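Hello,

Here is the structure I promised to pass on to you. My notes on it follow below.

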Amino acid sequence: MKIAIIGAGAAGIIAAITAKRLNKDIQIDLFDANKGIGKKILASGNGRCNISNSQVTAKNYLGENPDFVSYALKEFDFKSFEKFCKSIGLLLDIKETNKVYPLSNEAKSVTKLLELTLDSLGVNIYLESLISDVQKIENKFNIKTNDKEYKDYDKVLISNGLGAAPQLNANESGLDFASKFEHSFNLTYPSLVGLHTDVNYHSRMQGVKKECNVSLYINGQLEQEIFGDVLFTKYGVSGFAILDVSQVAAYNLSMYQDVKIAVNFFPKLHRNDLADQIQSLFKTTPNQKALDILTGMISNKIAPVLLEICKIDSEAKAGQVNAKQIKAISYQLNQWKLKITDTQGFGHAEASGGGVRTDEIDNRTYESKKCKNLYFAGEVLDIVGNRGGFNLQFAWASGYLVGKALGK
C-alpha cells in the first residue's frame, strides 16, 4: 500500500510515524515545501518550542464546531503524547502554567529526533516539494509538483496547514485540494496576532509595555476579559493579552462585526479609588505639572496622550486640574477604549482560523466523508487553539488518529 502525506508539520510527521509503526510494509512518501521538516515546530515558543499543553479540553479551541476535537484529545491525551515523546527519545519540561517544552529547551532537538525516527522507519521524505495538484483516478491518487508527478497512491493525507507564516512557505493550497473533492470550507483569518486600531497616536505610544486587563467587546457586548502584557506598537497593540483576545477579535472582524477593546492600566483599582489617589497627588504638589505627575504613574509616552484625550493642557499645573478632569483621567486609565480595524495579517500570525469544515470529516479517523481514502489533519481544518501549545497538541492528536487509520 502506498500513502502520500502532504505537509511535514506536526500532524503529518506523527501520522507517518504512527502508520509505519503499525504496518512496516506500507510505503509512505512525506512531502514538504521547505528545506527541512517541522518548520512551524521550530518557530513555536520563540524557538524554545511550546510543544504542547498538559491541560487541554475542547474549551481551548475555536471553530464552527469546537467539540469536534474532543475524541482526538481523549484518544491521544497528554499522557499519550508524553509516551510518544519518550518513544523517540524526547523528554519534556512541564511548566506550572501547564505549557510544555522539550527538556533541552530547544526546538531543533524536537525536529532532529522526529527526523531520525522517520528515517529509521523508512519513511521517504521529499523536501522542497511544493504540491500543486491532487487527482483521483478510479481508486488511485496522483499528486503533482511543478515539475514532477507521483502516481498510484492508495491513500492521501492533507496536513499542510493554512496561510499563517507565509515566510515558512505556508499557503492555503490544502483548501484548493479539498475543494476539488467537493469539500467546503469556512473563511480563513489570522489568529494569535497583533491588532490594528483606529487612533492617530500609535507612534507616540510605540514601545510601551504594561500588564493590563483587556476587555473585548463585540457589537457593544462584553465577550472576553484577559489579564496580561499589552504592547503598544506603531500599528496598534500586541503583547500576550492581545494575542489571546485576537482569536475572537479576528474571527468577528472577518464577519464584519464591530470590534473594540478596553485596556485597564490599573485593574486592581476601581476608578473612583484611582481618582482619589490622583487627586491626593495633585493636592500634595499643586505647582508641579500634571503631566510630570502622571508620567510617574504610567509612562512618559502615555501621559501626554492621556491629557490630550481628556482635553487638559499639557502645561497645566496639578492645582489647576479640577475634580471633573481628574475623574476623566481615571476613567480613561481604567477604560482606554480602542476600535479594532484589522489584524497584522497572516505574515505575523501564529496560527490560522477557519478551514475545511469539520462536519465533512470523520472525527475518529479524520477521513473525508466526501472522498474515500482522503484524510485531513491539523491546521487545515476549521479548528484553531488558544495560545500556549494547544494548536500543536491538536496537530499531534489529529495526526495520531490519521496515522492509525492509514496503518490499517
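A contact here means heavy atoms within 4.5 Å. Among contacts in the protein between residues at least 6 apart in sequence, 74% join residues at least 24 apart. Please keep in mind that this is a predicted model, where local features need pLDDT of at least 70, side-chain atom pairs count only at pLDDT 80 or more, and totals for chains, interfaces and linings use all residues. Numbering starts from 1 along each chain as its sequence is written, and side-chain values use heavy atoms, with hydrogens and water left out.

The C-alpha atoms fill a box of roughly 85 × 40 × 35 Å along the principal axes. Of the 408 residues, 54% count as buried (under 20% relative accessible area, with a 1.4 Å probe and protein chains only).

Now to the spaces inside. On a 1 Å grid over the protein atoms alone, a cavity is a set of points where a 1.4 Å probe fits but cannot get out, a pocket is an open set with protein on both sides within 12 Å along at least five of seven lines, and lining residues have an atom within 4 Å of a point. Volume is the space filled by probe spheres set on the points, which are joined across faces, edges and corners.

The structure has one cavity of 30 Å³ or more. The largest cavity has a volume of about 40 Å³, and its lining includes T197, Y201, H202 and F232.

The second largest pocket holds about 190 Å³. Among the residues lining this pocket are I14, R21, E75, K83 and Y400.

Happy to hear your thoughts!

Definitions and conventions:
Buried means under 20% relative accessible area, exposed over 50%, partly exposed in between (1.4 Å probe, protein chains only).
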